[in-house]
Amino acid sequence: MYAVIKTGGKQYRVAAGEKIKVEQIAADVGQEIVIDQVLAVGNGAEIKVGAPLVSGASVKATVVAHGKHDKVRIFKLRRRKHYAKSQGHRQQFTELLIGAIAA
């Protein structure tokens, strides 16, 4: 059984037992959270698609860790203008362990 969930402005296809990295969620490590924005639920060849959400569906997940992704380098250069700007960014994430999918 799998589900398509929406969190942090992005959509993820998840199944029970998977670990995913999503945009940072304000929750403690070890805390169980419920994601109720479920866009679709599938089981084999059968699929239930919401409009836009599947009513009554939810996904339970446990917060495993918080962290930061690898650094992304931003470099801007204007040739012949004596302008060069270097910048970096590390996006924060929350790692989730997907538990039960309730349809």
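In this report a residue is buried when its relative accessible area is under 20%, exposed when over 50%, and partly exposed in between, using a 1.4 Å probe and protein chains only. Strands (E, at least two residues) and helices (H or I, at least four) are DSSP runs, numbered from the N terminus.

This is a predicted model, in which local features need pLDDT of at least 70, side-chain atom pairs count only at pLDDT 80 or more, and totals for chains, interfaces and linings use all residues. Residues are numbered from 1 along each chain as its sequence is written, and side-chain values use heavy atoms, with hydrogens and water left out.

**The whole chain**

What you're looking at is a chain with 10 strands and zero helices. Its C-alpha trace spans about 60 × 30 × 20 Å along the principal axes. The radius of gyration, taken over C-alpha atoms, is checked against a globule rule of 2.2 Å times the number of residues to the power 0.38. For 103 residues, a compact globule would come out near 13 Å, but this chain has 19 Å. Buried residues make up 30% of the 103.

Now for contacts, meaning heavy atoms within 4.5 Å. Take the ones between residues at least 6 apart in sequence: 63% of them join residues at least 24 apart.

On charge, Lys and Arg count as positive and Asp and Glu as negative, while His and the chain ends are not counted. Each charge is placed at NZ of Lys, CZ of Arg, CG of Asp or CD of Glu. The tally is 17 positive and 8 negative side chains, and the centres of the two sets sit 19 Å apart.

**Around β5**

Strand β5 covers residues 38-43, and because five of its six residues are buried, the rest of the structure largely encloses it. Who are its partners? Two strands pair if DSSP finds at least two bridges between them. β5 runs antiparallel to β1 (residues 2-7), with four bridges joining them, and Ala3 has Val41 as its bridge partner in β5. β5 also pairs with β6 (residues 46-49), again in the antiparallel sense and over four bridges; here Ala40 stands opposite Val49.

| Hairpin | Residues between the strands | Turn glycine and its phi |
|---|---|---|
| β1 and β2 | two residues | Gly8, about 65° |
| β5 and β6 | two residues | Gly44, about 70° |

**A buried serine**

Ser58 belongs to strand β7 (residues 58-68). At 18% relative accessibility, Ser58 counts as buried. Leaving out residues up to four places away in sequence, Ser58 touches Val34, Ile35, Asp36, Val38, Ala100, Ile101 and Ala102.

Most residues other than glycine have a negative phi, and most peptide bonds are trans. Where does this chain depart from that? The peptide bond from Ala51 to Pro52 is cis, with omega near 0°, and Pro52 falls in the loop between β6 and β7.

The loop between β8 (72-78) and β9 (83-89) holds Arg80, and His82 lies in that loop too. Arg80 has a positive phi near 65°, and at a relative accessible area of 68% it is exposed. His82 has a positive phi of about 60° and also counts as exposed, at 84% relative accessibility.
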